[in-house]
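Hello,

Here is the structure I promised to pass on. Please open it beside this email, and then read my notes below.

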Amino acid sequence: MTPEKRRRLFVAGLVLLFVGYVVTATAAWSNRGWADHGPLSYTAQPLSPAGAAEPTAPTAPTAPAASAASAASAETARVTQACRSRPDDLAPSGDAVRLRIVSGTVDGSAYLACYGQDSDGDVTGVVLLTADRLTPVTGDRILRAGGAWPWVAVVRSPAELVFAGATLALIGVVSLRYHRRREPAAATSPWWAGRWADAVLTTSGVGVLALWLLPGRTRARKAQLTLLTVLLWTGFALVVVDIDALATPDPVALTVAGFLSATLLFGCLGGRYLVRPAPPVQASAPVPPTVPLSGPPTVPLPGPPAGSVASVTASRGPWPVHSPASLPSFAQVGGLEEVKAELRQNLGSTLAHGSAARAYGIRFNGILLHGRPGHRQDPAGQGHRR
């Protein structure tokens, strides 16, 4: 498959995921299974002012009014204590919250919905209690039927569905642009432009700004690292979305989390194997043609008797190969004592102690004996090889 066909296959997969998300999310929202408004909705009339634990007593109460105010204050304090007995449901982050308590009837039974609010007025969680015994209600059926679910759901409005679709498209575009070019090599110096610095900056909050401000990187590498940072932080955010969707499951939340995670996974793996260009093939140096060489004729030397194992020779191309036993020894070479002593001291020691020579970096590729013809250079060299 050509690179162009693989790229088209990758784009077709992204388009298929986007179309599948639009169809599935529309169907999930149409059959979401909860009421947008109800008796337990956050917008219903609260049982007490937001953040107030006790109603304000009149300035000069009569005896019956004072008794009723005292009873109402005690009841409000009891409800507040029951709501705050489940702090993890009111504020999963552990921050201090204010309470907004709403009462209502669902399926003929009275319930209390305790909403936690942060300092900005946003809903952080909800606790559902029975109105008579103030016991927590497990499950989410009453929350859905009473209109409290939209305030704790992961996806609460069609606008958030549109935002999730735009995020899905962004993941596809960033994955395509990141993988269609091979990442430029990291600089070896200075240290803030190396691979370790790239890894730290791409996983930090302000790393993108530092990537573009610090010198030492090419513009192409800065662009690639910026796209990588977007993919990394999108993955971190999707982990949080997946955890919330599994904690408060509904068809809409599971659809959004599932398609976003699938798009990111396909963008990373599919982009790597379908879009990323293959590494360049390094051209090897041309091998020169082999030219047969012709050497001098082989001169027979005195040696072991013919037919013995030591006299066996092999032919390798135009050059005959003699076994060491078939060559004359130093004892058979008359004279040349100084030459033989020098050969033993230099090359002989190197051959006898090969590991030590390699440790000291001593190398040789042969010897050259020179002199006037007839001074037995060939027998001396053959004796050394033996």
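Of the 386 residues of the protein, 31% count as buried. Please keep in mind that this is a predicted model. The protein has twelve helices and five strands. Take the contacts with a separation of 6 or more: 62% of them join residues 24 or more positions apart.

**Helices H1 and H9**

Start with helix H1, residues 3–30, and helix H9, residues 251–275. How far apart are their axes, and at what angle do they pack? The axes are 10 Å apart, and the angle is about 180°. H1 and H9 are therefore roughly antiparallel to each other, as angles over 145 degrees count as such. The contact of H1 with H9 is made up of 18 nonpolar, eight polar and two charged residues.

Phe 10 belongs to helix H1. Is Phe 10 buried or exposed? Its relative accessibility is 0%, so Phe 10 counts as buried. Set aside residues up to four places away in sequence, and Phe 10 touches Ser 175, Leu 176, Phe 266, Gly 267, Gly 270, Gly 271, Leu 274 and Val 275. Now compare sequence and space. Phe 10 and Tyr 273 are 263 residues apart in sequence, yet their C-alpha atoms are 9.4 Å apart.

**Helix H5**

Next, find helix H5, residues 158–179. H5 has 22 residues. From its first C-alpha to its last, H5 reaches 32 Å, close to the 32 Å expected at 1.5 Å a residue.

Which residues of H5 are buried? They are Leu 161, Ala 164, Gly 165, Leu 168, Ile 171, Gly 172, Val 174, Ser 175, Tyr 178 and His 179. Look at the spacing in that list. An α-helix has 3.6 residues a turn, so residues three or four places apart point the same way. The buried residues of H5 pack against H1, H9 and helix H8 (219–247).

On the H5 side, the contact includes Leu 161, Ala 164, Leu 168 and Ile 171.

Leu 264 is worth a click. Leu 264 lies in helix H9. At 12% relative accessibility, Leu 264 counts as buried, because the cut-off is under 20%. Beyond its neighbours within four places in sequence, Leu 264 is in contact with Ile 171, Leu 231, Thr 234, Gly 235 and Leu 238. The C-alpha atoms of Leu 264 and Val 174 are 10.0 Å apart, while 90 residues separate the two along the chain.

Strands of a sheet pair through backbone hydrogen bonds, either parallel or antiparallel. Strand S2, residues 109–117, pairs with S3 in the antiparallel sense over seven bridges. Tyr 111 stands opposite Thr 130 in S3. Ala 113 stands opposite Leu 128 in S3.

S2 and S3 form a hairpin with five residues between the strands. In this hairpin, Gly 121 takes a positive phi near 90°. Strand S3 covers residues 123–130. Seven of its eight residues are buried, so S3 is largely enclosed by the rest of the structure.

**A loop residue**

Last, look at Ser 41. Ser 41 sits in the loop between H1 and helix H2 (63–83). Its relative accessibility is 1%, so Ser 41 counts as buried. Apart from residues up to four places away in sequence, Ser 41 touches Asp 36, Val 102, Tyr 115, Gly 146, Gly 147 and Trp 151.

Best wishes

Conventions: Residues numbered from 1 in each chain as written. Predicted model: local features only at pLDDT ≥ 70, side-chain atom pairs only at ≥ 80, totals over all residues. Heavy atoms only, no water. Axes fitted to C-alpha atoms, helices over the stretch in contact; angles between N-to-C directions. Helix = DSSP H or I, 4+ residues; strand = E, 2+ residues; numbered from the N terminus. Parallel < 35°, antiparallel > 145°, perpendicular 65-115°, else oblique. Nonpolar A, V, L, I, M, F, W, Y, C, P; charged D, E, K, R; others polar. Expected span 1.5 Å × (residues − 1). Buried < 20%, exposed > 50% of the residue type's maximum accessible area, 1.4 Å probe, protein only. Contact = heavy atoms within 4.5 Å. Pairing = 2+ DSSP bridges.
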